Amino acid sequence: MPDHNDELASRLYRLLRQHDDWSDERLSEALAVSPDALSKAREELARMGLVRRVAGLDEQGARWLVVDPMLAVEQVMADQGRAIAEWSSTAGRLAADIESLVGMVPALRAAVDDAAMNTVLEGNETARAFLAELGGTVQRELLTVHSGGALPQEAIDAALPQDLAVLERGIEVRTIYLSSAVRSVPTRGYLERLAEAGASVRIRETLPFRMVLADGATAVCSMRWAEGRSGAIVVRGGAFVQLLRRMFDYCWAEATPLARAVGRVPDAAHAEQLDDEQLLMLRLLADGLTDQAIARQLGVAPRTFTRKLRALFEELGIESRFQAGVEAARRDLI
């Protein structure tokens, strides 16, 4: 059972998630504790990786950035695991840290669930730091949408090692870029390098905004305020993340594979002409979507889709989804 110090740290964490711009004086007043007790509680959160001091973000020269408890747990586990391998004498402290953190997780998780599920990251540097941390903890799938244009060389040099490290861990990576970005030779070379390393890259004429979606649980979306400030918003609510995933799937289905976008298009062997809807159906079939999911994507009733699918199969002279996948590959749609 958490002691008084853990309880105060948990209350402070909940308050910081809602009001990360409050002064120490205001925080002490809201928690009804002394400045010294506030400082000790924040030091405890910092020790467990639940808050992080970031320099140069306010008039005092620094501020405290709140870290998601699940990311903090993973980071503490990873850091302490390395410490055990190097210094076996730290095993006792590791056990104590984990026990303390596990005791606080229910309260912290409740703070995340019943407080604001969205976290605003003000400033591009703060957003980049969070994305680097997120990339290091992704376990299964990383989906990205890049609504900006060509990448500067320094951005490519910084991003490529991180991207390759994610791919080397066996993470499935799918990314969509604007067609205007591919006109840049450095950007095109960067995307081709990702594709060679195992990433799936597609190109689209328009994209709504920049987004990174990790493991279907955490999304980071770019933001720009009217007064010129920029940054990002971290979205964790299940319904919101599902909505963003559907947006990605829609953009992915209508995007063009990189090889085809840069001019490696099949020749006259692909003479048959299909309309845009039929090409989209073929691509969605190759992607493995169910009939019901494709019907929703097309905005038609299941019976209407069945009729359209039968017509498509007849036109192509095929009889199965497998043959549809072969035909999609032949047309360079996947």
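**Reading a predicted protein model**

Modeller: Exposed means over 50% relative accessible area, buried means under 20%, and partly exposed is in between (1.4 Å probe, protein chains only). Keep in mind that this is a predicted model, where local features need pLDDT of at least 70, side-chain atom pairs count only at pLDDT 80 or more, and totals for chains, interfaces and linings use all residues. Residues are numbered from 1 along each chain as its sequence is written, and side-chain values use heavy atoms, with hydrogens and water left out.

Colleague: Okay, and where is Ala 32 placed?

Modeller: In the loop between helix 2 (24-31) and helix 3 (35-47). Helices (H or I, at least four residues) and strands (E, at least two) are DSSP runs, numbered from the N terminus. The protein has 15 helices and ten strands.

Colleague: How do I read phi?

Modeller: Most residues other than glycine have a negative phi. Here, Ala 32 has a positive phi, near 60°. Asp 215 has a positive phi too, near 55°, and sits in the loop between strand 7 (211-214) and strand 8 (218-224).

Colleague: Now the helices. What is the angle at which helix 10 and helix 12 pack?

Modeller: General idea: two packed helices are described by the angle between their axes and the distance between the axes. Axes are lines fitted to C-alpha atoms, for helices over the stretch in contact, and angles run from 0 to 180 degrees between N-to-C directions. Helix 10 (residues 238-254) and helix 12 (residues 276-286) pack at about 115°, with axes 9 Å apart.

Colleague: Which residues make the contact?

Modeller: Trp 252, Ala 253 and Glu 254 from helix 10, and Leu 280, Arg 283 and Leu 284 from helix 12. Contact means heavy atoms within 4.5 Å.

Colleague: What about strands? Why is strand 5 largely enclosed?

Modeller: Six of the seven residues of strand 5 (residues 172-178) are buried, so the rest of the structure largely encloses it. As for pairing, two strands pair if DSSP finds at least two bridges between them. Strand 4 (residues 141-146) and strand 5 pair in the parallel sense, over six bridges, and Leu 143 stands opposite Arg 174 in strand 5.

Colleague: And how much of the whole protein is buried?

Modeller: Of its 334 residues, 41% count as buried. Among contacts between residues at least 6 apart in sequence, 72% join residues at least 24 apart.
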